Amino acid sequence: MASSIPSLHPHTKLTLAGQHTDGAYKSVSLPIYQTAIFRFDDTNGKPQYDYSRSGNPTRAALETTIAELEGGAGAVCVASGMAAVATVLALYDVDAHIVCSHDCYGGTERLLTWYQRQGKLDVTYVDLTDPLNLALALRPETKAVWVETPSNPLLRIIDLQKVGELAKDAGIDLIVDNTFLSPLLQRPIDFGADFVVHSTTKYLNGHSDVVGGVVIAKTKEGHERAHFAANATGATAAPFDSWLVLRGLKTLPVRLRQHEENAHTVARYLDNHDLVSQVFYPGLESHPGHELAKRQQAGFGGMVSFEVVGDAAAVRTLLTSTRVFTLAESLGGVESLIEQPATMSHASMRAEAREEAGITRNVIRLSVGIEHIDDLIADLEQALENARCTSKRTLATVTPAHV
Ligand SMILES: *Cc1c(COP(=O)(O)O)cnc(C)c1O
């Protein structure tokens, strides 16, 4: 397989991913092995594949590609990002204690809170931008620390090197949700991560047409355990979805380059706008995590959040008057999206947890796509001016009552 030539650049390997695997017809595009079962030749031994929940050649090609990109020993592709989160959490015994970054993905917080209520796992949420908070939260029964960096939606940066060292000293696993950057921009295993998870729904597939997830393990043993869990629970990904993600991966390097270039320009534009009180983008020098992001990431990514000035009506006007940015959850697709985390992507989070993480209703999250930058800026400009008009109208109706 050309993609297994060790000297190739990762970008080239991605372009060639899955090629030259079809021995029967030598198709250049990897076939979709749309089959549940595989024939046994005899009764004295299993064939390489027997049943697609346990293994499927299309899914295997995707798993090999992602594991190599992340620098892991193996990967397991599952039906969604949350299935990836659940697959890793399934590896810990009842009564295990997990330390989790306090502004993790809303769905992760919901799952952890549910497990905690059922008495399956105990969880402590801490602000891991100060890694010492991990040390303070450790208990004898702590088994893992769950990290998301950059965090969602405020793009705080957590020091993977420091957290990795603390986790190693404590003998606990480091698990990193790497969805926001992809392995091309950050490789947590290089910093000691034992497991990495992704929602492949986002940048890895990149076209907003698949829901998927993946668990990458640092060690062969970790990979076997993750595969056991995904096969036992039936979380594994379908062949067609795997094929779509593999196709998406082939353009990941060029997509990411454009996402990041556009995001940087959007962040600088918002930073100079009088209706914007704060911009959260690690690529801006004013971002508190800028230097750290430069050290541990190969790029700043395509996500930009900001805090807009104005009342609820003005925020609503902003969100509903963009024409290029689509009002939708999710991220990482080629098209630009705008959303309000407090009522959309992070609505499943407990209100106190949301407040603690600083996710107010004036925080807006953008997934900056790969459209022409002039259209993106013009769209934000007209939406912000609309929001300004709404604010003025509200002021005009409120002020007389107060004088
Ligand atoms: C979307 C997302 C998930 C969950 O993934 P699904 O594919 O929606 O199940 C987990 N973590 C992060 C950071 C995400 O953005």
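**A sheet, then the rest**

Author: Strand 8 and strand 9 are antiparallel partners, and four bridges link them. Within that pair, valine 276 stands opposite valine 308 of strand 9. Please keep in mind that this is a predicted model.

Reader: What is the strand order of the open sheet of five strands?

Author: The order is 8-9-12-11-10, and the pairing in this open sheet of five strands is mixed. Strand 8 (276–280) and strand 10 (326–327) are at the edges with a single partner strand each, so one side of each has no neighbour in the sheet.

Reader: How many bridges join strand 9 and strand 12?

Author: Strand 9, which covers residues 303–308, pairs with strand 12 in the antiparallel sense over five bridges.

Reader: Is strand 12 mostly covered or mostly open?

Author: Strand 12 is mostly covered, since five of its five residues are buried. Val363, Arg365 and Ser367 point one way from the strand, whereas Ile364 and Leu366 point the other way, and all of them are buried.

Reader: How many residues of strand 9 are buried?

Author: In strand 9, five of the six residues are buried, and this strand is mostly covered as well.

Reader: Changing topic, which residues of helix 8 are buried?

Author: Helix 8 runs over residues 239–249, and eight of its 11 residues are buried. Those residues are Pro239, Ser242, Trp243, Leu244, Val245, Leu246, Gly248 and Leu249. Among the elements that cover them are helix 1, helix 2 and helix 9 (252–271).

Reader: What is the phi of leucine 155?

Author: Phi of leucine 155 is near 55°, which is a positive value in a residue other than glycine. Leucine 155 sits in the loop between strand 4 and helix 6, and it is buried, with a relative accessible area of 2%.

Reader: And lysine 26, is that residue buried or exposed?

Author: Lysine 26 counts as exposed, because its relative accessibility is 64% and the cut-off for exposed is over 50%. Lysine 26 has a positive phi of about 60° although it is not a glycine, and its place is in the loop between helix 1 and helix 2.

Reader: Where is proline 47, and what does it touch?

Author: Proline 47 is in the loop between helix 1 (10–15) and helix 2 (57–70). Leaving aside residues up to four places away in sequence, proline 47 touches Arg39 and Phe40. Proline 47 is partly exposed, with a relative accessible area of 24%.

Reader: Stepping back, how many helices and strands does the protein have?

Author: The secondary structure of the protein comes to 13 helices and 12 strands. Its radius of gyration is 22 Å, close to the 22 Å that the globule rule gives for 403 residues, so the protein is as compact as a globular protein of that length. The C-alpha trace spans about 90 × 50 × 35 Å along its principal axes, and 56% of the 403 residues count as buried.

Reader: Last one: how many positive and negative side chains are there?

Author: The protein has 35 positive and 47 negative side chains, and the centres of these two sets lie 3 Å apart.

Terms used: Residues are numbered from 1 along each chain as its sequence is written. This is a predicted model: local features need pLDDT of at least 70, side-chain atom pairs count only at pLDDT 80 or more; totals for chains, interfaces and linings use all residues. Side-chain values use heavy atoms; hydrogens and water are left out. Two strands pair if DSSP finds at least two bridges between them. Helices (H or I, at least four residues) and strands (E, at least two) are DSSP runs, numbered from the N terminus. Buried means under 20% relative accessible area, exposed over 50%, partly exposed in between (1.4 Å probe, protein chains only). The radius of gyration is taken over C-alpha atoms; the globule rule is 2.2 Å times the number of residues to the power 0.38. Lys and Arg count as positive and Asp and Glu as negative; His and the chain ends are not counted. The place of a charge is taken as NZ of Lys, CZ of Arg, CG of Asp or CD of Glu. Contact means heavy atoms within 4.5 Å.
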